[in-house]
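This report describes selected local features of one protein structure. The sequence and the structure are shown first, and the description follows.

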Amino acid sequence: MRGVDGLAEEIRDVGFRCMRCGACCSEVSEGSNLVILSPAEVRRVAEAAGLPPGEVAEPYPEFLDGPEKSRYTFDWSLSRDEGHCRFLDGERCRVYAARPWICRTYPFMLEGDRLIVSECPGIGTEMTMEEARAVARALLERQAAEAAEEEGIRRVLSTASPPPGETAVVDSEGVWPVHG
Ligand code: SF4
């Protein structure tokens, strides 16, 4: 796992400031910018939005074939409205304080120890070391949260599987058949 300071230096060298263009909150090409959520993140967003969890997220739309004609996907996807995140209000995020890890850390992500930088008009903008450290800390926390979620999914799948013939979401808290 990388240290905060080394990662922060790399981030500062890339440079970033959000221009509030909203592109990362929108589908800019087919299936792009989907935001994957753990069950804990679904609850956090739902609470911030004052909505039931079923109204803020849907099954992540990449299904695998399971045993006995079942299908399943891992985790959830933030709901969209006409190609935009349903919480995007002009250039404002209505659940900003409760936004998921992916939104908190965009346009950066870690693949193991490697820093990946996605397309974004804010890249290349000067940032302070303190700002870069904040992003680095968030990226490392995100990586730990994602590893915990993956471990939880493995644990669930070691004792349960999607019901025969049904479509289900598998997350770290269980197997959830999807109806309709
Ligand atoms: S993070 Fe980048 S793509 Fe997203 S709103 Fe800010 S400038 Fe636009």
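## Salt bridges

Arg12 and Asp13 form a salt bridge, with their closest N and O atoms 3.5 Å apart; the term denotes a side-chain nitrogen of Lys or Arg within 4 Å of a carboxyl oxygen of Asp or Glu. Arg12 is partly exposed at a relative accessible area of 34%, whereas Asp13, at 60%, counts as exposed. Here buried means under 20% relative accessible area, exposed means over 50%, and partly exposed lies in between (1.4 Å probe, protein chains only). The model is predicted: local features need pLDDT of at least 70, side-chain atom pairs count only at pLDDT 80 or more, and totals for chains, interfaces and linings use all residues. Residues are numbered from 1 along each chain as its sequence is written, and side-chain values use heavy atoms, with hydrogens and water left out.

The whole structure contains 11 salt bridges. In one of them, Glu131 is paired with Arg17, and the closest N and O atoms are 3.1 Å apart. This pair links distant parts of the chain, since Glu131 belongs to helix α4 (residues 129-159) and Arg17 to the loop between α1 and β1, 114 residues apart. Helices (H or I, at least four residues) and strands (E, at least two) are DSSP runs, numbered from the N terminus. Glu131 is partly exposed at 30% relative accessibility, and Arg17 is partly exposed at 38%. Another salt bridge joins Arg43 to Glu173, with 2.9 Å between the closest N and O atoms. Arg43 is in helix α2 (residues 39-49) and Glu173 in the loop between β12 (167-171) and β13 (174-177), so the pair ties together parts that are 130 residues apart in sequence. Arg43 has a relative accessible area of 44% and is partly exposed; Glu173 is partly exposed with 41%.

## Aromatic pairs

There are two aromatic pairs in the structure. Rings of Phe, Tyr and Trp (its six-membered ring) pair if their centres lie within 6.5 Å; planes under 30 degrees apart count as stacked, over 60 as edge-to-face and the rest as tilted. The ring centres of Phe16 and Phe108 are 5.8 Å apart and the planes stand at 90°, so this pair is edge-to-face. Phe16 is in the loop between α1 and β1, and Phe108 is in strand β10 (residues 108-111), so the pair ties together parts that are 92 residues apart in sequence. Both Phe16 and Phe108 are buried.

Tyr72 and Phe74 also form an edge-to-face pair, with 5.5 Å centre to centre and 75° between the planes. Tyr72 is buried at 15% relative accessibility, while Phe74 is partly exposed at 31%.

## A nonpolar surface patch

Phe74 is located in strand β4 (residues 71-74). Together with Leu64 and Leu157, Phe74 forms a nonpolar patch on the surface, with about 220 Å² of accessible area in total. Patches are made of residues with over 30% relative accessible area and no salt bridge, where like charges are joined within 9 Å and nonpolar side chains (Val, Leu, Ile, Met, Phe, Trp, Tyr) within 5 Å. Accessible areas come from the Shrake-Rupley method with a 1.4 Å probe, and for residues only the protein chains shown count as cover.

## The surroundings of Ser26

Ser26 lies in the loop between α1 (4-14) and β1 (36-37). Ser26 is buried, with 9% relative accessible area. The side chain of Ser26 makes a polar contact with the side chain of His84 at 2.8 Å. Such a contact is a pair of N or O atoms within 3.5 Å; within protein, one must be able to donate a hydrogen and the other to accept it, and residues adjacent in sequence count only if both atoms are side-chain atoms. Leaving aside residues up to four places away in sequence, Ser26 touches Ser32, Asn33, Arg80, Gly83, His84 and Leu88, where contact means heavy atoms within 4.5 Å.

## Backbone features

Most residues other than glycine have a negative phi, and most peptide bonds are trans. Glu68, in the loop between β3 (64-65) and β4, has a positive phi near 50°. Glu68 is exposed, with a relative accessible area of 62%. Glu82 likewise has a positive phi, about 50°. Glu82 is found in the loop between β6 (80-81) and β7 (84-85) and is exposed at 77% relative accessible area.

Tyr106 and Pro107 are joined by a cis peptide bond, with omega about 10°. Pro107 is part of the loop between α3 (101-105) and β10.
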